[in-house]
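Here are a few friendly notes to read alongside the model.

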Amino acid sequence: CQTVWLVDFDDANTIRPVEGVPFSDGLVALAPHPFLPLVGMVSRNSSLVSLSNYLSRNITMQFDWKISQLNSLDFSPDGLLGMVASDTGVLVIWDM
């Protein structure tokens, strides 16, 4: 996946790409935030996490954890924490 598309469910014919998504190598992980209008995304061969506001369709935050390749992403059920894991077993947890 090199482009992330968002669908407006009020108008299923409206499909828009997320602007500024740096995923030329492909998308590895995608996770919606449980309460905020955010979608977290991780690109292949990268330690970069991008958070996109799905209402504006723009990247609002990026974190480069400078660890080996990330392979998973999630948010805690209460939405207060973000988490990523690398292919070497490193886990990063941050406050949202």
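1. Strands here are DSSP runs of E with at least two residues, and helices are runs of H or I with at least four residues, both numbered from the N terminus. On that basis, S50 lies in strand 5, which covers residues 48-53.

2. A word on conventions: this is a predicted model, where local features need pLDDT of at least 70, side-chain atom pairs count only at pLDDT 80 or more, and totals for chains, interfaces and linings use all residues. Residues are numbered from 1 along each chain as its sequence is written, and side-chain values use heavy atoms, with hydrogens and water left out.

3. S50 is buried, at a relative accessible area of 0% (buried is under 20%, exposed over 50%, partly exposed in between, using a 1.4 Å probe and protein chains only). Its side chain makes a polar contact of 3.0 Å with that of Q62 (a pair of N or O atoms within 3.5 Å; within protein, one must be able to donate a hydrogen and the other to accept it, and residues adjacent in sequence count only if both atoms are side-chain atoms).

4. Please look at K66, in the loop between strand 6 (58-64) and strand 7 (70-75). K66 is not a glycine, yet has a positive phi of about 50°. Most residues other than glycine have a negative phi. K66 is exposed, at 68% relative accessible area.

5. S86 sits in strand 8 (residues 81-86) and is buried at 4% relative accessibility. A polar contact of 2.9 Å links the side chains of S86 and T88.
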